[in-house]
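Subject: Structure for your files

Hello,

Please find the structure below. My notes on it come after.

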Amino acid sequence: MFHMILLAAGFSSRFGSNKLLYEMDGKPMYRHLFDRLEAIAGEDNLETDLTVVTQYHEIGDALEGRNCFVTYNEDPSRGISSSLITGIQSLQERGVIEDGDYLVFFTADQPYLQKETVEDFLSAVEYMEKGLAAVAVEEKMLNPCAFSTEYIPELLALKGDKGGKQVLRKHEDEIFLFQVDSEEELVDIDRL
């Protein structure tokens with residue numbers, strides 16, 4: 001089972017306004033990747049579910065009734081680690097994590113990440129049977145990143161503005177890097 005966790009709780013400090021709600025091609029930025037992940041969560045070929053971590057009630061309200069679970073990061077000022085931990089704890093509280101599952105973290109400011117890339121990444125992770133994975137352009141690790149359940153204690157121990165890549169760097173020999181040709185598809189938007 002792949003537990004897809006969309007991180008949509010950032011402050012957008014470099015962007016100048018709430019980038020997640022910034023209109024791009026007729027919808028808020030976060031919705032581009034959300035819509036693709038929701039479509040994947042509704043398919044039968046991969047066993048997936050979708051959790052959205054946000055601090056914004058505008059996002060939570062807009063996703064009510066959709067094929068996802070929304071959880072709120074009540075203290076996002078603690079950094080990216082607090083959103084990862086909020087997502088994991090939400091899955092644990094709902095009792096949906098089983099040994100051998102994967103937690104796959106996505107950032108909501110990657111509006112160009114394509115559905116086919118995500119599906120191919122998840123299928124490759126399942127096939128490679130490694131405990132850690134990340135999309136990459138050559139040797140550069142980017143998002144999304146996947147962690148098997150054995151790494152949950154390390155993820156829960158993260159502090160401050162340290163994300164999952166800190167865990168990946170500790171175990172570089174155990175990482176499967178899924179190569180993507182176009183870095184533009186993986187860009188996260190930080191500025192207008």
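This is a predicted model: local features need pLDDT of at least 70, side-chain atom pairs count only at pLDDT 80 or more; totals for chains, interfaces and linings use all residues.

Residues are numbered from 1 along each chain as its sequence is written, and side-chain values use heavy atoms, with hydrogens and water left out.

Thr 48 lies in strand S4, residues 48-54 (helices, H or I of at least four residues, and strands, E of at least two, are DSSP runs numbered from the N terminus). Thr 48 counts as buried because its relative accessibility is 11% (buried is under 20% relative accessible area, exposed over 50%, partly exposed in between; 1.4 Å probe, protein chains only). Leaving aside residues up to four places away in sequence, Thr 48 touches Met 1, Phe 2, Met 4, Ile 40, Ala 41 and Leu 122 (contact means heavy atoms within 4.5 Å).

Leu 122 is also among the buried residues of helix H4, as are Phe 121 and Val 125. H4 has 14 residues, 115-128, and reaches 20 Å from its first C-alpha to its last, close to the 20 Å expected at 1.5 Å a residue (1.5 Å times one less than the number of residues). Just after H4, Glu 129 has a positive phi of about 55°.

Asn 143 sits in strand S8, residues 140-148. Its contacts, not counting residues up to four places away in sequence, are Thr 107, Gln 110, Val 135, Lys 165 and Leu 186.

Regards
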